[in-house]
Amino acid sequence: MSERQHEKMIIIGSGPAAWTAAVYAARAQLEPLVYEGEGSRTMIPGGQLMFTTEVENYPGFPEGVNGINMMAAFKEQAVRFDTRVVTEDIVEVDFSVRPLRLISSRGTELEADTVIIATGANARWIGLPNEERLAQSGGGVSACAVCDGALPHFRDQVVAVVGGGDSAMEDAIYMAKFAREVVVIHRRDELRASKIMQDRAMANDKIRFQWNSVVTDVRGGDVITGLELRDTVTGEESELEVGGLFVAIGHTPNTDFLGGRVALKPNGYIETPTAWRTATSVPGVFAAGDAMDDFYKQAVTAAGTGCMAALDAERWLAHGGVEALEGEKVTAESE
Ligand code: NAP
């Protein structure tokens, strides 16, 4: 007899995709078990919305909603329908066997009839040694203005925000509350951010834009003192004195732990081969949210795909799950 803990459905993740999948699965009596993750410096249970101040574009909240409160409410709703939650990571999977096998960060060996992967994405870094050093030591380099920006260290300083998307605009606007000046450093002369966020940032007197620029090094011993920049058009090098650096250059999907057991796109996002379906390359394994969506990346679309994944998984189980697959194999082999 197997000593592994057997589950009908395991959901990995704790953002809008994971909790929505849990609500749907729990209401369908699939008794989902959610592995919400243990958290790290750049990711905590609840996902990226835990790093957001006000979410203004999630329908149903005319006055906006705080990202942390929103995720607490999502989780509460899932738990209300008896979703069980474990605050651990899934660190290894074996999807070549049935039931599917998973191992948690504290060594629990699990098996599941179906798995939903909703592990989201993690903040990306520029990749400079001094950036990493000062980020790890708390020396004024961060990938999350909302988490770290209110620290006294940044008050009345000139701080830099790198990036040209919505996250960079949001971080710049947030930091303008505390800093003397915020310099947005963008590698092009055109922003990727939505019009409304661009307008807000540009209307803020404390925010200035340094176009066509990339950071080539971060200066400072214990604490950041400045940046070395290169103009992407002329190649000219310059320096900028800053007391803080916020990196907001997008995200990388959290799919490494899958160890290649599920097909990924070249950019690391989980492949869902059929349009408008959440099935992955492994029958019985479904994907939702920012781990599979490299295009929309919104809280509401993550929630939507979480719902889709739960419905897809439910139908897959209702149609016999792995037994149906084996039936197909028998039929195919006997033909
Ligand atoms: P994003 O839209 O992918 O933007 C990333 C930005 O970083 C781009 O401007 C990109 O430059 C720049 N970049 C990427 N790699 C770089 C590198 N190595 N060095 C320098 N610059 C680099 O990511 P995001 O801003 O995190 O947004 C992700 C999604 O979340 C988007 O769909 C966004 O709409 C959504 N979001 C919404 C809100 C909101 O509505 N309040 C807030 C945050 C995020 P290029 O433009 O040249 O590619």
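Begin with helix H5, whose buried residues are covered by elements including helix H4 (145–148), strand S11 (158–162), strands S12 and S13 (207–210), helix H6 and strand S17 (244–247). Helices (H or I, at least four residues) and strands (E, at least two) are DSSP runs numbered from the N terminus, and contact means heavy atoms within 4.5 Å. The model is predicted: local features need pLDDT of at least 70 and side-chain atom pairs pLDDT 80 or more, while totals for chains, interfaces and linings use all residues. Residues are numbered from 1 along each chain as its sequence is written, and side-chain values use heavy atoms, without hydrogens or water.

**Stop 1: helix H5**

Select residues 166–175, which form H5. Which of its residues are buried (under 20% relative accessible area; exposed is over 50%, partly exposed in between; 1.4 Å probe, protein chains only)? They are Ala 168, Met 169, Asp 171, Ala 172, Tyr 174 and Met 175.

**Stop 2**

Arg 188 is partly exposed, because its relative accessibility is 32%.

**Stop 3: salt bridges**

The whole structure contains twelve salt bridges, each a side-chain nitrogen of Lys or Arg within 4 Å of a carboxyl oxygen of Asp or Glu. Select Arg 4 and Glu 109, whose side chains form one of them at 3.4 Å, N to O. Arg 4 is in the segment before strand S1 (5–12) and Glu 109 in strand S8 (residues 109–117), so the bridge ties together parts that are 105 residues apart in sequence. Arg 4 is partly exposed, with 25% relative accessible area, and Glu 109 is partly exposed at 38%.

Move on to Lys 75 and Glu 36, which meet in a salt bridge of 3.1 Å, N to O. This pair links distant parts of the chain, 39 residues apart: Lys 75 sits in helix H2 (residues 67–80), and Glu 36 in the loop between strand S2 (33–35) and strand S3 (54–55). Are these two residues buried or exposed? Lys 75 is partly exposed at 28% relative accessible area, whereas Glu 36 is buried at 10% relative accessibility.

Then select Asp 94 and Arg 261, joined by a salt bridge of 3.0 Å, N to O. Asp 94 lies in strand S6 (residues 90–94) and Arg 261 in the loop between strand S18 (251–253) and strand S19 (285–287), distant parts that are 167 residues apart. Arg 261 is partly exposed, with a relative accessibility of 39%.

A network of salt bridges can be viewed by selecting Arg 219, Glu 228 and Glu 239 together.

**Stop 4: two loop residues**

Ala 203 is placed in the loop between H6 and S13 and is exposed, with a relative accessible area of 61%.

Finish at Gly 46, in the loop between S2 and S3, a residue that is buried at 4% relative accessibility. Which residues does Gly 46 contact, leaving aside its neighbours within four places in sequence? Gly 46 is in contact with Ser 14, Gly 15 and Met 71. Gly 46 and Met 308 are 262 residues apart in sequence, and their C-alpha atoms are 19 Å apart in space.
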